[in-house]
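User: Please take a close look at one part of this model, the region around a surface patch and the loop beside it. I would like the criteria stated along with the description.

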Amino acid sequence: LNRNHALTHYDHSVTNPHGFADYGPDIWGLTSSYSTRNDGKPGVAYTSHRPDKDKGIISPTAALSSMPFTPKESLQAVRGFYKYGDKLLGPAGFYDAFSVELDFWPQRYLAIDQGPIILMIENYRSGLLWDLFMSAPEVQIGLEKLGFE
């Protein structure tokens, strides 16, 4: 399910039905993130981005947090994101969102988006966080009560 979800967003960016600048196999990732405002005023908003509501905003966390499910595509995105240099990459990693199409480069981070990047890269690398979670007695009791073996 997670892989299919990530690949839906990847495929959307590759096919690029709206013709947004730089979308493709090395620039993809749609999820809630910083965005342009919907009311025409200057500034930054927080908005949901998905294939049926694509405003041309790419959220690196979507591609990078998908690493365990789409390793080839996610690593390709990492390489693609680097081409934007310090417009997209700051001291704590990739900024939350960007749009080449709209020349939108809010050099800001959101913990809710940065955290999953770190966790999912480690899960891709070693499975550590998934293993720790599944080894918790409370989780095992809950799974047993739900009928999982």
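Analyst: Helices (H or I, at least four residues) are DSSP runs, numbered from the N terminus. Leu119 is found in one of them, helix α4 (residues 111–125). The model is predicted, so local features need pLDDT of at least 70 and side-chain atom pairs count only at pLDDT 80 or more, while totals for chains, interfaces and linings use all residues. Residues are numbered from 1 along each chain as its sequence is written, and side-chain values use heavy atoms, with hydrogens and water left out.

Leu119 counts as partly exposed because its relative accessibility is 42%, where buried means under 20% relative accessible area, exposed over 50%, and partly exposed in between (1.4 Å probe, protein chains only). Together with Leu128, Leu129 and Leu132, Leu119 forms a nonpolar patch on the surface, with about 330 Å² of accessible area in total. Such patches are made of residues with over 30% relative accessible area and no salt bridge, nonpolar side chains (Val, Leu, Ile, Met, Phe, Trp, Tyr) being joined within 5 Å; a salt bridge is a side-chain nitrogen of Lys or Arg within 4 Å of a carboxyl oxygen of Asp or Glu. Accessible areas come from the Shrake-Rupley method with a 1.4 Å probe, and for residues only the protein chains shown count as cover. The largest share of the patch, three residues, comes from helix α5 (residues 128–135).

Ser126 lies in the loop between α4 and α5 and is partly exposed, with a relative accessible area of 39%. The side chain of Ser126 makes a polar contact with that of Glu122 (2.5 Å). A polar contact is a pair of N or O atoms within 3.5 Å; within protein, one must be able to donate a hydrogen and the other to accept it, and residues adjacent in sequence count only if both atoms are side-chain atoms. A polar atom of the Ser126 side chain also lies 3.1 Å from the backbone nitrogen of Leu128, a member of the nonpolar patch.

How values were computed
Patch = residues over 30% accessible without salt bridge, like charges linked within 9 Å, V, L, I, M, F, W, Y side chains within 5 Å. Helix = DSSP H or I, 4+ residues; strand = E, 2+ residues; numbered from the N terminus.
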